[in-house]
Amino acid sequence: MKKNFTLKCTVLFAVTIFFSFKINVAKAQLIAPAMVYANSQLVSGIDGQINATYKFPSVTPGVDAYITILDIAGGATLTSIDDNTFG
């Protein structure tokens with residue numbers, strides 16, 4: 001009886017450790033690095049027009065972002081990117 005109980009406890013302990021490790025790994029992978037879109041440079045096209053491409057250097061360490069205006073709907077304009085101080 002004691003041997004069977006010890007086996008059950010060992011298996012339960014191993015399963016608990018396994019799943020808690022998997023949960024911690026999954027949580028770590030869900031945290032996205034903060035990105036800062038600043039100091040843009042026009043790379044090609046006409047500033048503010050369709051097909052204009054901008055380079056945002058170092059949005060996160062070692063990563064540059066390239067943004068291209070694909071369409072302008074209803075005369076919309078883009079004055080700021082990645083600015084969450086207003087809607």
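Me: How much space lies in the largest pocket?

Reply: About 340 Å³. Bear in mind that this is a predicted model.

Me: Which residues are closest to the centre of that largest pocket?

Reply: Gly48, Ile69, Thr77, Leu78 and Thr79, out of 17 lining residues. As for elements, β2 (53–60) and β3 (63–68) each give two or more residues to the lining.

Me: What makes up that lining, in terms of nonpolar, polar and charged residues?

Reply: You get 9 nonpolar, 6 polar and 2 charged. Gly counts as polar here, so Gly48, one of the residues closest to the centre, goes with the polar ones.

Me: Why is Thr53 called buried?

Reply: Buried means under 20% relative accessible area. Thr53 comes out at 14%, so it counts as buried.

Me: What is Thr53 in contact with, leaving aside neighbours within four places in sequence?

Reply: Contact means heavy atoms within 4.5 Å. On that basis Thr53 touches Gln41, Leu42, Val43 and Ser44, and also Tyr66, Ile67 and Thr68. Thr53 itself lies in strand β2, and it stands opposite Thr68 in β3.

Me: How do you know that β2 and β3 pair?

Reply: Pairing takes at least two bridges between the strands. β2 and β3 are joined by 5 bridges, so they pair. They run antiparallel.

Me: Which residue takes a positive phi in the hairpin of β2 and β3?

Reply: Gly62, with phi near 80°. The hairpin has 2 residues between its strands.

Key:
Residues are numbered from 1 along each chain as its sequence is written. This is a predicted model: local features need pLDDT of at least 70, side-chain atom pairs count only at pLDDT 80 or more; totals for chains, interfaces and linings use all residues. Side-chain values use heavy atoms; hydrogens and water are left out. On a 1 Å grid over the protein atoms alone, a cavity is a set of points where a 1.4 Å probe fits but cannot get out, and a pocket is an open set with protein on both sides within 12 Å along at least five of seven lines; lining residues have an atom within 4 Å of a point. Grid points are joined across faces, edges and corners, and a volume is the space filled by probe spheres set on the points. Helices (H or I, at least four residues) and strands (E, at least two) are DSSP runs, numbered from the N terminus. Buried means under 20% relative accessible area, exposed over 50%, partly exposed in between (1.4 Å probe, protein chains only).
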